[in-house]
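This report describes the fold of a single model, beginning with a convention on which the later description relies.

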Amino acid sequence: MPDFASWPADGIAGRIGRGDRAGEWVIASCDDTPFDPPFGYHLVLPDDELLRDDGSLLLVSGCSDEERPDGGGLIDLLTNELDVTWSLDHADFLIADAAWNEAFKREVDQEREQNGLRPFDWEANPRPPKEESESFVWWLTSLRRRP
């Protein structure tokens, strides 16, 4: 896991190395300005809940933590459990963010279809109305960063 002082301002992205989600992106998005203690981040995962290889709960998307100089934080847990390879390249962060946004849009449209509603018009309004999505999905929308 890259040293926190080396992170770009938005955060970093990584690819899961093992398990059912191998190859998918995860994001550690900066909560605060790097180098201003305490340095915080939240994890954006490919699903609401990310599971260990044995099927038990590992982490929930959107969970937050802060820098832990001796390790042992949530980012270390994610890295060790699923063999995540992190990148400091901002282009990778943007690719991961775009992949997450597309998955989010599919989730919202599937929910709307299940409720007998038309797909959401993402071009006209990039954020779905709160009353037409679950509260957790709405909360995740607020985490979405724009390049």
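Helices and strands are taken here as DSSP runs, helices of at least four residues and strands of at least two, numbered from the N terminus. The model is predicted. Just after the helix α1, D83 takes a positive phi of about 55°.

**The sheet**

Five strands form an open sheet in the order β6-β3-β2-β1-β7, with antiparallel pairing. At its edges stand β6 (64-66) and β7, each with a single partner strand, so one side of each is left without a neighbour in the sheet. On average, neighbouring strands are turned by 25° against each other, direction ignored. The antiparallel strands β1 and β7 are joined by three bridges, and W86 of β7 is the bridge partner of G14.

|---|---|---|
| α1 | β1, β2, β3, β6 and β7 | about 35° with β3 |
| α2 (residues 90-114) | β1, β2, β3 and β7 | about 110° with β2 |

**The nonpolar cores**

The largest nonpolar core has 20 residues, of which W7, A28, L43, I75, L78 and W86 touch the most other members. At least two residues of this core come from each of β2 (25-30), β3 (40-44), β5 (57-60) and α1 (74-82). Another core, of eleven residues, lies apart from the largest one and includes I27, F93, F104 and F120.

Within α1, the buried residues are I75, D76, L78, T79 and L82. Their cover includes β1 (11-15), β2, β3, β4 (49-51), β5 and β7 (85-87). Which residues does L78 touch, not counting those up to four places away in sequence? The contacts of L78 on that basis are V26, L43, L45, L50, L58, L59, D83, V84 and W86.

**Serine 87**

S87 lies in strand β7. Is S87 buried or exposed? Buried means under 20% relative accessible area; because its relative accessibility is 15%, S87 counts as buried. Not counting residues up to four places away in sequence, S87 touches I12, A13 and D92. A polar atom of the S87 side chain also lies 3.1 Å from the backbone nitrogen of D89.

Key: Residues numbered from 1 in each chain as written. Predicted model: local features only at pLDDT ≥ 70, side-chain atom pairs only at ≥ 80, totals over all residues. Heavy atoms only, no water. Core = buried A, V, L, I, M, F, W, Y, C linked by side-chain atoms within 4.5 Å. Buried < 20%, exposed > 50% of the residue type's maximum accessible area, 1.4 Å probe, protein only. Contact = heavy atoms within 4.5 Å. Pairing = 2+ DSSP bridges. Axes fitted to C-alpha atoms, helices over the stretch in contact; angles between N-to-C directions. Polar contact = N/O pair within 3.5 Å; in protein donor to acceptor, adjacent residues only side chain to side chain.
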